[in-house]
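Student: I am new to this structure. Please take one part of it and walk me through it closely.

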Amino acid sequence: MTTPAGLPESAVDPRPSTPLISMRLSAGYRGRPPVVENVELDMAPGEILGLVGRSGEGKSTIAMAILKLLSIRGGKATGEIRFRGRELLTLSEREMRRIRGREISLVPQSPIAALNPALTIGTQFREAWNAHSSAPYAGFEPRLGELLAGVSLPSEPQFLRRHPGELSVGIAQRVLIAMALVHRPALILADEPTSALDTITQSEILGLLARLNRELETAILYISHDLLSVASLCHRVAILHQGSIVECGPVSQIFARPQHPYTRKLLASIPRHPL
Ligand SMILES: Nc1ncnc2c1ncn2[C@@H]1O[C@H](COP(=O)(O)OP(=O)(O)OP(=O)(O)O)[C@@H](O)[C@H]1O
Ligand SMILES: [Mg+2]
């Protein structure tokens, strides 16, 4: 292969790695002005990108649009979402079902509400496994042990027989993170995964996400309104305001030299430690 200049391809700089996902997205809800317009975001494989904005700016709308689940909430997305060479917005529901949970998973904001209160934890893991019929049943038990150990949860039968109501919120969030990982997704959408947790449990979950990202190289879109947690976890951060990404860059750059007035305002609102 040669380049347009006639050089062999191997003689020029390698191209930047292909993004795992790149999008230019507009989305909103029936009968209302658009929530986001032409939001451009891309993520490299294995990257942790923070998506930050105040409540109501459209962070969850973006996550639901990526999963093509907006229509069940009366919403609609237009534009492009390119994921591993496929254009998600043109895929059928059947094709999307093969991607959801398998290649892109969601870790939701309210762990207890996201679990089925009537089913044991073990049963819910089995359902997550069976959601993709191509996964052979024989692989379930070893994978479950691996997953529970990976998120520092016990794998004893007594634990798996518990119901969600018997778990603390922090343990329930670990369960949901493990469930999101069942099929080794390339991308996790973590929609404010720590906002329901106390500060100590929050930092444990952030540590867990960071470790899983290092060990499994799973990319994470970390949605939050909390810049401090973003600073401790993310490689880059995108600031969402009034329907657009107003600023995006490495965490150190955004914290040290914020360019947009809204980013400066967000940074100024971080409570300082009294000591
Ligand atoms: N099902 C819906 N129908 C109509 N409007 C909706 C619906 N869901 C969300 N919205 C509106 O869309 C806007 C963006 O909501 P979204 O939930 O995406 O914000 P968010 O940034 O995730 O907020 P939060 O930080 O509170 O979770 C808000 O004004 C919200 O009221
Ligand atoms: Mg939200």
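Tutor: Start with a pair of strands. In this predicted model, strand E3 (residues 48-52) runs parallel to strand E8 (residues 219-224). The two are joined over 5 bridges. Take one residue as an example: leucine 51 has isoleucine 223, in E8, as its bridge partner.

Now widen the view to the sheet around this pair. The sheet is open and has 6 strands. Read across, the order is E6-E7-E8-E3-E9-E10. The pairing is mixed. Which strands stand at the edges? They are strand E6 (104-107) and strand E10 (244-250). Each has a single partner strand, so one side of E6 and one side of E10 lack a neighbour in the sheet. Neighbouring strands here are also turned against each other, by 20° on average, direction ignored.

Next, the helices on this sheet. Helix H7 (residues 169-180) lies across E6 and strand E7 (187-191). H7 runs at about 175° to E6. Helix H11 (residues 261-268) packs on the sheet too. H11 touches E3, strand E9 (236-241) and E10. The direction of H11 makes about 105° with that of E9. With E3, we are back at the strand we began with.

For context, look at another sheet. This open sheet has 4 strands, ordered E2-E1-E4-E5, with antiparallel pairing. Strand E2 (36-43) and strand E5 (86-87) are its edge strands, and each pairs on one side only. Strand E4 (residues 75-83) is joined to E5 by 2 bridges. Across from arginine 82 stands glutamate 87, in E5.

How values were computed: Residues are numbered from 1 along each chain as its sequence is written. Chains are lettered from A and ligands numbered from 1 in the order in which they are written. This is a predicted model: local features need pLDDT of at least 70, side-chain atom pairs count only at pLDDT 80 or more; totals for chains, interfaces and linings use all residues. Two strands pair if DSSP finds at least two bridges between them. Axes are lines fitted to C-alpha atoms, for helices over the stretch in contact, and angles run from 0 to 180 degrees between N-to-C directions. Two residues are in contact if their C-beta atoms, placed from the backbone, lie within 7 Å.
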